[in-house]
Amino acid sequence: MGCGTSTTATKDKKSEKALKAALVIQNWYRGYSARLKTRQRYALTIFQSIEYADEQGQLQLSNFFSFMLENYAHVHEKDPELVNRFFGSSTQDSKDRQDYLGLIDVPDSYCGPRLQFPLTFTDIDVLIEAFKQQQILHAYYVLEVLFETRKVLKQMPNFTHTKTSPSKEITICGDLHGKLDDLFLIFYKNGLPSVSNPYVFNGDFVDRGRNSMEVLMILLVSFLVYPNDLHLNRGNHEDFMMNMRYGFTKEILHKYKLHGKKILQILEDVYTWLPIGTIIDNEILVIHGGISESTDLNLLHRIERNKMKSVLMSPIPIDGDRATEKKNKAGKAIAAWGMKTDGPFSEQLTKHEWEQVINILWSDPRGKRGCYPNTSRGGGCYFGPDITSKILNKYQLKMLVRSHECKPEGYEICHDGKVITVFSASNYYEEGSNRGAYIRMSSGTTPRFFQYQITKATCLRPLYQRVNAIESSAIRMLKERMISRKTDLIRAFQLQDRNKSGKLSMGQWAFSMENVLGLNLPWRSLSSHLVATDKDGNTDYMSSFQDIHIQKPVKEVQSTLIETVYRYRSDLQIIFNVIDSDHSGLISMEEFRSMWKLFKSHYSVRIDDSQFDELAERMDSNKDGSIDFNEFLKAFYVVHKFDKLSKSDTKLA
């Protein structure tokens with residue numbers, strides 16, 4: 001009996017030790033997982049902060065174009081096509097078809113997909129299979145699809161209305177951003193569009209991803225086959241100015257070197273006819289961005305949406321009072337703008353109508369009550385739960401489904417379940433950065449969420465390696481942002497460094513970083529990756545730039561000018577591409593200088609014109625009086641001397 005008791009006691013002790021060991025391991029793993037998630041969250045915060053800062057820059061650029069059209073002397077007489085591109089009305093369908101398609105042949109040697117009009121379900125299959133084989137759809141078919149799409153869209157209202165039933169659910173997809181593999185996966189898991197399997201694609205089909213054209217063509221062909229069962233909402237990236245910055249324009253000109261310009265011209269017009277929202281069962285509002293306290297759905301149902309060539313271009317005032325004001329400030333050339341009420345400027349929305357659409361496409365929900373400016377993006381607003389309840393109640397709606405924001409899990413529910421964000425582009429910032437998702441819902445049922453993530457190279461790598469890769473990419477991007485403001489940062493550091501010691505407290509360094517860069521980031525937590533510190537915790541602020549610099553195309557040019565051109569290189573490229581109507585890639589020295597002076601004035605850049613003139617002349621290598629501005633801007637790039645993250649085990653948390 002005694003032996004039995006002893007054995008039992010021994011077993012109990014072993015069990016107790018095993019349990020304690022299991023708890024220790026469990027606690028360690030929980031802490032380890034929490035640290036990895038924190039690092040991943042910080043990395044996503046960096047990506048998102050820089051993304052929104054770039055969007056702020058894009059909206060500022062749009063203001064520049066308004067400024068240019070008001071101040072660039074004789075631009076209307078010299079380049080009416082430029083003005084019409086921003087504010088002109090749509091081109092005529094019949095004339096376009098003849099002018100464009102009549103000159104394009106599909107040769108017998110073409111081995112890509114061939115579409116048969118009128119389109120059928122078979123054409124959707126043909127297109128998907130061809131794109132899986134990396135085939136390119138011929139420009140003739142691309143243009144034919146665009147023309148047909150515009151023809152159908154013109155007959156549609158600003159908001160499409162659709163009904164569901166318990167036996168007929170509808171699928172809502174968010175941003176795809178050219179992620180073709182995500183679209184393939186959605187169709188594989190959820191089925192192709194059909195009368196019994198309707199979809200809403202909630203904007204931002206293009207930009208950023210490498211296959212925006214393929215995604216767009218699949219969606220448009222599906223729409224033409226099932227115009228009542230596949231609904232396409234306009235997003236803030238269905239905009240030719242956004243496309244110039246975020247990649248779709250470049251993709252088109254690369255894939256369609258001969259007919260790319262024609263495709264772009266018709267595509268700009270197709271964008272203007274896309275509906276701005278979908279209403280499901282008269283209860284669920286599906287729009288790309290969000291709402292504001294002044295959102296007027298009755299007005300949004302009535303506006304002439306095709307008048308908005310670019311969502312980013314605010315209307316140019318054309319009333320007599322404004323014209324007189326401009327004449328007093330800037331002379332005769334500007335007064336003429338206010339007088340031309342019969343030209344392209346008469347084809348604009350009013351400012352109030354424009355603001356309504358901007359809020360629909362750009363706004364984001366927040367937990368704080370009220371409605372206030374969207375300072376992160378620079379456009380639209382932040383709207384709180386009270387605003388959601390107010391607008392939904394006003395129009396007898398129950399829920400708002402929107403997209404526009406990358407979410408780590410692919411979706412997010414907020415405002416007491418009344419607002420759902422769905423984002424369908426997985427790996428949006430970096431492979432492994434986020435899941436994609438779509439929603440299935442029907443009348444009287446709870447929405448169901450389906451998540452996924454495309455995995456290729458990283459699928460066999462452990463989690464910590466994937467987090468390292470995401471983190472490394474985010475820090476690299478942040479350092480490039482820092483080097484573009486090097487002069488401003490050093491000035492801010494030196495203002496704090498009253499003893500000229502070359503060192504600042506962590507608080508002073510973090511304050512200076514946020515004050516200059518304005519990214520709202522946790523600088524203290526990120527500091528181990530960005531600056532060296534001594535044993536007392538003080539920062540050697542010049543070490544922030546020791547492993548990175550901007551390559552100078554001309555050594556004699558001052559660093560301030562190099563940083564300015566690098567910082568605004570995307571803006572400058574868009575400006576010159578807009579002016580370059582024939583897509584030759586060349587701009588005269590006279591236009592080059594004129595645009596720089598306007599740009600410098602609007603952006604308050606304090607650089608002497610002689611420095612820029614010297615740089616431009618040196619970049620005109622063959623001295624023919626013209627500059628290949630794309631090559632000019634490519635000459636400014638960041639050099640990373642070494643990547644600390646790949647050689648160190650330091651972490652964000």
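Helix 17 (residues 463–483) and helix 20 (residues 523–530) cross at roughly 90°, and their axes come within 11 Å. Helix 17 is therefore roughly perpendicular to helix 20. The model is predicted. The protein has 653 residues, and 53% of them are buried; its secondary structure consists of 26 helices and 21 strands.

**The crossing of helices 17 and 20**

- Helix 17 contributes Glu471, Ile475, Leu478, Lys479 and Met482 to the contact, and these meet Trp523, Leu526, His529 and Leu530 in helix 20.
- Sorted by class, the contact of helix 17 with helix 20 holds six nonpolar residues, one polar residue and two charged residues.

**The protein as a whole**

- The accessible surface of the protein is about 29500 Å², and carbon and sulfur atoms account for 49% of that area.
- Of the contacts between residues at least 6 apart in sequence, 76% join residues that are at least 24 apart.

**Strand 13 and its two partners**

- Strand 13 (residues 436–441) is mostly covered, with six of its six residues buried.
- One side of strand 13 carries Gly436, Tyr438 and Arg440, the other carries Ala437, Ile439 and Met441, and both faces are covered.
- Strand 2 (residues 170–173) runs antiparallel to strand 13 and is joined to it by four bridges.
- Strand 14 (residues 448–452) is also antiparallel to strand 13, and five bridges join the two.
- Tyrosine 438 of strand 13 is placed opposite cysteine 173 and opposite phenylalanine 450 in strand 14.
- Strands 13 and 14 form a hairpin with six residues between them, and glycine 444 in the turn has a positive phi of about 80°.

**Strand 12 and its two partners**

- In strand 12 (residues 419–422), Val419 and Thr421 point one way and Ile420 and Val422 point the other way; all are buried.
- Strand 10 (residues 399–402) pairs with strand 12 in the parallel sense, over three bridges.
- Arginine 402 is the residue opposite threonine 421 of strand 12 in this arrangement.
- Strand 11 (residues 411–414) runs antiparallel to strand 12, with four bridges between them.
- Opposite valine 422 in strand 12 stands tyrosine 411.
- Strand 11 and strand 12 make a hairpin with four residues between them, and histidine 415 in its turn has a positive phi of about 55°.

- Strand 8 runs antiparallel to strand 9 (residues 381–383), and three bridges join them.
- Proline 373 is opposite cysteine 381 in strand 9.
- Two bridges link strand 15 to strand 17 (residues 539–540), and the two strands run antiparallel.
- Leucine 504 has threonine 539 in strand 17 as its bridge partner.

- Helix 22 (residues 569–579) is mostly covered, with eight of its eleven residues buried.
- The buried residues of helix 22 are Asp571, Leu572, Ile574, Ile575, Phe576, Asn577, Val578 and Ile579.
- Lysine 600 lies in helix 23 (residues 589–602).
- Lysine 600 counts as buried because its relative accessible area is 18%, under the 20% cut-off.
- Apart from its neighbours within four places in sequence, lysine 600 is in contact with Val605, Ile607 and Asp609.
- Phenylalanine 632 belongs to helix 25 (residues 629–634) and is buried, with a relative accessible area of 1%.
- The C-alpha atoms of phenylalanine 632 and leucine 615 are separated by 9.8 Å, and the two residues are 17 residues apart along the chain.

Methods: Residues numbered from 1 in each chain as written. Predicted model: local features only at pLDDT ≥ 70, side-chain atom pairs only at ≥ 80, totals over all residues. Heavy atoms only, no water. Pairing = 2+ DSSP bridges. Axes fitted to C-alpha atoms, helices over the stretch in contact; angles between N-to-C directions. Parallel < 35°, antiparallel > 145°, perpendicular 65-115°, else oblique. Contact = heavy atoms within 4.5 Å. Nonpolar A, V, L, I, M, F, W, Y, C, P; charged D, E, K, R; others polar. Buried < 20%, exposed > 50% of the residue type's maximum accessible area, 1.4 Å probe, protein only. Areas by Shrake-Rupley, 256 points an atom, 1.4 Å probe, with all protein chains shown as cover.
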